[in-house]
Amino acid sequence: ICVRRQRPVAGKKQYPPWEEDMAVACSVQNMHLKATTLKVGAYWSSWYPEYRASRELVSFLGLDPEQGDRCLGIFILGDVAAEKMVSSRATRLPTEEIATTRE
């Protein structure tokens, strides 16, 4: 999972770094939701900053840290045993118990 900073273009507004980070996070959330619908296990691992920033990985991914590019982590996909899918489901309260409407 990487963020590649928008490159400056004369006369064009540049997005702030936090907005680009959030766009990447939204994309990862969408991948996670899609994986869930396909019953595929998914996990965003952002551990090991020394690995994410290593010269080898940065070069492999074609990132330019001087431009603000960086690796935010790794998205892991895999099969999940059916019994794990059932036992790990979160329980949620009904919407009417946690939200109110205003007129």
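Biologist: Hi! Which exposed residues does the face of H1 turned away from its buried side carry?
Modeller: Hello! Keep in mind that this is a predicted model. On that face of H1 you'll find the exposed residues Trp-18, Asn-30 and Thr-37.

Biologist: Thanks. And which are the buried residues of H1?
Modeller: Those are Glu-20, Asp-21, Val-24, Val-28 and Ala-35. They sit on the same side of H1, because the arc they cover around the axis is only 105°.

Biologist: Why would residues three or four places apart point the same way?
Modeller: That comes from the geometry: an α-helix has 3.6 residues a turn, so residues three or four places apart point the same way.

Biologist: Nice. How many residues does H1 have, and how far does it reach?
Modeller: Helix H1 runs over residues 17–37, which is 21 residues. From the first C-alpha to the last it reaches 31 Å, close to the 30 Å expected at 1.5 Å a residue.

Biologist: What covers the buried residues of H1?
Modeller: The cover includes four strands: E1 (2–3), E2 (40–45), E3 (70–71) and E4 (74–79).

Biologist: Which residues make up the largest nonpolar core?
Modeller: There are eight of them: Ile-1, Val-3, Val-24, Val-28, Ala-35, Ala-42, Leu-72 and Phe-75. H1 gives the most to this core, with three residues.

Biologist: Let's pick Val-24. What does Val-24 touch, not counting residues up to four places away in sequence?
Modeller: With those neighbours set aside, Val-24 touches Ile-1, Cys-2, Val-3 and Leu-72.

Biologist: Changing topic: where is Arg-5, in which loop?
Modeller: Arg-5 is in the loop between E1 and H1.

Biologist: Is Arg-5 buried or exposed?
Modeller: Arg-5 is buried, since its relative accessible area is 13% and the cut-off for buried is under 20%.

Biologist: Tell me about Asp-69, then. Where does it lie?
Modeller: Asp-69 lies in the loop between helix H3 (55–61) and E3. Asp-69 is buried too, with a relative accessible area of 3%.

Biologist: Which polar contacts does the side chain of Asp-69 make?
Modeller: One polar atom of that side chain lies 2.8 Å from the backbone nitrogen of Arg-5. The side chain of Asp-69 also makes a polar contact with the side chain of Arg-7, at 2.7 Å. Not counting residues up to four places away in sequence, Asp-69 touches Val-3, Arg-4, Arg-5, Arg-7, Leu-63 and Asp-64.

Biologist: Speaking of rings, how many aromatic pairs does a search of the whole structure find?
Modeller: The search finds two. In one, Tyr-43 and Trp-47 have ring centres 6.2 Å apart and planes at 65°, so the pair is edge-to-face. In the other, Trp-47 and Tyr-48 have ring centres 6.2 Å apart and planes at 90°, so that pair is edge-to-face. Together, ring pairs link Tyr-43, Trp-47 and Tyr-48 into a cluster.

Biologist: How accessible are Tyr-43, Trp-47 and Tyr-48?
Modeller: Tyr-43 is partly exposed at 41% relative accessible area. Trp-47 is exposed at 53%, and Tyr-48 is exposed with 53%.

Biologist: Last topic, the backbone. What is the phi of Lys-39?
Modeller: Lys-39 has a positive phi of about 60°, although it is not a glycine. Lys-39 follows H1, in the loop between H1 and E2, and is exposed at 62% relative accessibility.

Biologist: And what about the phi of Tyr-48?
Modeller: Tyr-48 also has a positive phi of about 60° without being a glycine. Its place is in the loop between E2 and helix H2 (49–52).

Definitions and conventions
Residues numbered from 1 in each chain as written. Predicted model: local features only at pLDDT ≥ 70, side-chain atom pairs only at ≥ 80, totals over all residues. Heavy atoms only, no water. Phe/Tyr/Trp six-rings, centres within 6.5 Å; stacked < 30°, edge-to-face > 60°. Buried < 20%, exposed > 50% of the residue type's maximum accessible area, 1.4 Å probe, protein only. Helix = DSSP H or I, 4+ residues; strand = E, 2+ residues; numbered from the N terminus. Expected span 1.5 Å × (residues − 1). Arc of directions from axis to C-beta. Contact = heavy atoms within 4.5 Å. Core = buried A, V, L, I, M, F, W, Y, C linked by side-chain atoms within 4.5 Å. Polar contact = N/O pair within 3.5 Å; in protein donor to acceptor, adjacent residues only side chain to side chain.
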